[in-house]
Amino acid sequence: MFKDKASGQALTSEKLSMAGNGGKREGAGRKAGVPNKDRQSAADALIASGQKLPHERLLDLADKDGVLDSVKASALAAAAPYFAPKFSPLPAPQLNLDPFELGSITTAAAAMEAVGVVAQRIAAGTLDLAVANALISALRVIVEIHSSTELERKIDLLEANIKAIQG
């Protein structure tokens, strides 16, 4: 049984469930677009005292003569978040290959030619690498199937020739 430290009374299951540790709760936190009050009051205090804001000081440092280029670059990099948002990387374009461009793949040689077409499209930047890898994997399987089928056909032919010579 759990007791409230302040009152010594037993805690009900409802009160226990409200005593959770953190987690996302409906309506909790600062609303989107509302400025951080502490940060805004600190900026207001700097402006009122006649001092420059941090990003202004960084830009001044980058404009000074006699400052090393590496220091200027660091100052500009530190000031950048005040002016430019961080962009997330864009997904690679899903550029696909028209299946008819590969032609009819009925032999291992045709599959190898199709691999060449895929390689050309990768080099030209018109085919997504993930799609190209999937196509090349499928073409590799086709080459293996055709190669093993051709080997089996040759073995059958040799066995028939041996029987003809023996018989």
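User: Which residue follows helix 2, and what is its phi?

Analyst: This is a predicted model, in which local features need pLDDT of at least 70 and side-chain atom pairs count only at pLDDT 80 or more, while totals for chains, interfaces and linings use all residues. Residues are numbered from 1 along each chain as its sequence is written, and side-chain values use heavy atoms, with hydrogens and water left out. Helices are DSSP runs of H or I with at least four residues, strands are runs of E with at least two, and both are numbered from the N terminus. Here, Gly50 follows helix 2, and its phi is positive, near 85 degrees.

User: How many helices and strands does the chain have?

Analyst: The chain has six helices and zero strands, so the DSSP runs that are numbered here are helices.

User: Why does the span of helix 2 agree with its number of residues?

Analyst: An α-helix has 3.6 residues a turn, so residues three or four places apart point the same way. The expected span of a helix is 1.5 Å times one less than its number of residues. For the twelve residues of helix 2 (residues 37–48) this gives 16 Å, and the end C-alpha atoms are 16 Å apart, which agrees.

User: What is the volume of the largest pocket, and which helix gives the most to its lining?

Analyst: Rolling a probe the size of a water molecule over the atoms shows where empty space is left. A pocket is an open set of points on a 1 Å grid over the protein atoms alone, where a 1.4 Å probe fits, with protein on both sides within 12 Å along at least five of seven lines, and lining residues have an atom within 4 Å of a point. The largest pocket has a volume of about 260 Å³, and helix 2 gives the most to its lining, with five residues. Among the lining residues are Arg39, Leu46, His55 and Tyr82.

Technical notes:
Points joined across faces, edges and corners; volume = space filled by probe spheres on them.
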